[in-house]
Amino acid sequence: MVISSSLSLPYLARSRRAHCGSARKLRAIPYIDSNPSRRPAAIEAGKQSFARFGCVGCHGLQLQGGVPNPNSQGGEVPSLLHASDDYTKEEVVKIIQNGKVPPVENTAKPAAPLYMPPWKSVLTDEDIHRIADYLWSLQKKKDAW
Ligand code: HEC
C-alpha cells in the first residue's frame, strides 16, 4: 500500500499541473474578448433587427450579399462584410437612415430593380446604431484575406 501511494504521487502532481494549465487558458478567453458590458447585448439586438426588418432578404443571413441586381454596378446586392473598408460607422448609419440607389452600369438600360430603402421612418436611431454595431462586429479587413 505504501508503495502504490508513493507511485501515484508523480501522477497526481502531473495531473494537477495539467489542470492548472487548462484553467488558465479558459480564463484568458473572456479577457481577450472583453467588451464594455452592454456591447454584446447591443450587437445581439442589432442582429435581431437585421433579420426582423428584412435586411437579410437582400444582404443575406451571413451579410454575404450576392442577390442579382441587373444593371447595378457589380450586378449584385453588395456584401456588408467589408463595409468598414469603404465607410466609417457613422456613414453606414446615414446610409441605413437615408437609403441608397445603386449607380447604374449602363445608362441606356432600365435602373437596377433593387435599391437600399431608407429606414429612418421605420427604425429608431438606437435600432440603426445597434445594427451598425452588429455589422461592425463582423467586419473583415481586406488585409486579412
Ligand atoms: C430591397 C433590398 C434591400 C434591403 C431590404 C436592404 N438593402 Fe441595404 N442595400 C441594398 C442595395 C441594392 C445596396 C447598394 C446600394 C449602392 O450600391 O449604392 C445596399 C447598400 C447597403 C449598405 C451600404 C453598403 C455598400 O457597400 O454600399 C448598407 C450598410 C446596407 N445596405 C445596410 C442595410 C440594412 C441594415 C438593411 C436593413 C435595415 C438593408 N440594407 C436592407 C438593398 C437592400
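Helix H6 spans residues 125-137, and its 13 residues reach 18 Å from first C-alpha to last, close to the 18 Å expected at 1.5 Å a residue. The model is predicted.

**Helix H6**
- The buried residues of H6 are Ile 128, Arg 130, Ile 131, Ala 132, Asp 133, Tyr 134 and Leu 135.
- Among the elements that cover these buried residues are helix H2 (39-52), H4 and H5.

**Nonpolar core**
- The largest nonpolar core consists of 12 residues: Phe 50, Cys 55, Leu 63, Leu 80, Ala 83, Val 92, Ile 96, Ile 128, Ile 131, Ala 132, Tyr 134 and Leu 135.
- At least two residues of this core come from H5, and at least two from H6.
- Leu 80, one of the core residues, touches His 59, Leu 63, Gly 65 and Leu 135, leaving aside residues up to four places away in sequence.

**Shell around the ligand**
- There are 25 residues around the ligand, and those that come nearest are Cys 55, Cys 58, Lys 100, Pro 102 and Met 116.
- Sorted by class, the shell holds 18 nonpolar, five polar and two charged residues.
- Helix H3 (55-59), helix H4 (83-86) and helix H5 (89-98) each contribute at least two residues to the shell.
- H3 gives the most, with four residues.
- Cys 55 is among the residues nearest the ligand and is also a member of the largest nonpolar core.

- Most residues other than glycine have a negative phi.
- Leu 63 is not a glycine, yet has a positive phi of about 65°.
- Leu 63 sits in the loop between H3 and H4.
- Leu 63 counts as buried because it has 20 C-beta neighbours inside 10 Å, and 20 or more is the cut-off for that class.
- Asn 71 is another residue other than glycine with a positive phi, near 70°.
- Asn 71 also lies in the loop between H3 and H4.
- With 17 other C-beta atoms within 10 Å, Asn 71 is partly exposed.

Conventions. Residues are numbered from 1 along each chain as its sequence is written. This is a predicted model: local features need pLDDT of at least 70, side-chain atom pairs count only at pLDDT 80 or more; totals for chains, interfaces and linings use all residues. A residue is near a molecule or strand if its C-beta atom, placed from the backbone, lies within 6 Å of it. Ala, Val, Leu, Ile, Met, Phe, Trp, Tyr, Cys and Pro count as nonpolar, Asp, Glu, Lys and Arg as charged, and the others, Gly among them, as polar. The expected span of a helix is 1.5 Å times one less than its number of residues. Two residues are in contact if their C-beta atoms, placed from the backbone, lie within 7 Å. A nonpolar core is a set of buried Ala, Val, Leu, Ile, Met, Phe, Trp, Tyr and Cys residues joined through C-beta atoms within 7 Å.
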